[in-house]
Amino acid sequence: MRLLAAALLLCACPSPARLQPRAAEELRRGYRHLEAGDRERADVAFAHALAFHPELAEAWNGRGIVAEQAGDLALAARCFARAAAAQPDFAEARVNRGVVLFRQGHLAEAAAAYREALSIDPDLAAARLDLARALLHRGLAEPAARVALWAEARREYLHLLESRDDEPAAWHDLGFLELESGQASRAEASYRRAAALQPGSEAALHGLCLSLARLGRCAEAEGACRACLEAAPGSAACRRSLAAAQACR
């Protein structure tokens, strides 16, 4: 069952009234270039915006995204920290710094960054999801603290689903927690919800197959694994689980 990675957040560009017009124009161009996949032009545009406003948080955030996408995590972390310092209520920059820390393996520091973002905007769904994932991964890395960390992660997933019941990634990860904690019935329901929200998801269908097999519902498990292979014909995990479901049956 593949656990999904955290994702960087773009920002909503400020109104021209807030900035010198050319800086605002370059900022908007930078984010358009990012969305189009042109990192080089995006970085040039953000640098131009910073020439007008050296402490422009949104431009530092943009440069951080460019650096992260280029694989320079150290530079990305510095840019996101600069953005957060320049604009204390800029929750997205804190989420992005958390993403970089997560990818560097600093899970506790990443969780702290996500909590900072949530203290600014408790409804920021990406921060809530990423916090839950950081706690989940810490539980995988720290067996002695796993029960407590996973209980905290579960609470964060449920918190998110109170406001975003249609978030397939949260349902998938919740299913993983439940299956690993021996709650196969709950896992089946969570994976089924994830698969319904994201048809053709290899991760959700494989999790559904495993949870059904754990429940002894082997024919249903076989069907879920076949659906997984239809969605991802090259999936070795789904092929192994299909063979196990057939043997179980």
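**Entry 1: helices 7 and 8.** I began with the crossing of helix 7 and helix 8, which is left-handed (the near helix is turned anticlockwise from the far one by less than a right angle). The model is predicted, so I kept in mind that local features need pLDDT of at least 70 and side-chain atom pairs 80 or more, while totals for chains, interfaces and linings use all residues. Residues are numbered from 1 along each chain, and side-chain values use heavy atoms, without hydrogens and water.

**Entry 2: E156.** Is E156 buried or exposed? E156, in helix 8, is buried, with a relative accessible area of 12% (buried means under 20%, exposed over 50%). Beyond its neighbours within four places in sequence, E156 touches R128, L131, A132 and L135 (contact means heavy atoms within 4.5 Å).

**Entry 3: aromatic pairs.** My search of the whole structure gave two aromatic pairs (ring centres within 6.5 Å). The rings of Y31 and F46 sit 4.9 Å apart, centre to centre, with planes at 70°, so the pair is edge-to-face (planes over 60 degrees apart). Y31 is in helix 1 and F46 in helix 2, so the pair ties together parts 15 residues apart in sequence. Both Y31 and F46 are buried.

W150 and F176 are also edge-to-face, at 6.2 Å and 70°. This pair links helix 8 with helix 9, 26 residues apart. W150 and F176 are buried too.

Definitions and conventions. Helix = DSSP H or I, 4+ residues; strand = E, 2+ residues; numbered from the N terminus. Buried < 20%, exposed > 50% of the residue type's maximum accessible area, 1.4 Å probe, protein only. Phe/Tyr/Trp six-rings, centres within 6.5 Å; stacked < 30°, edge-to-face > 60°.
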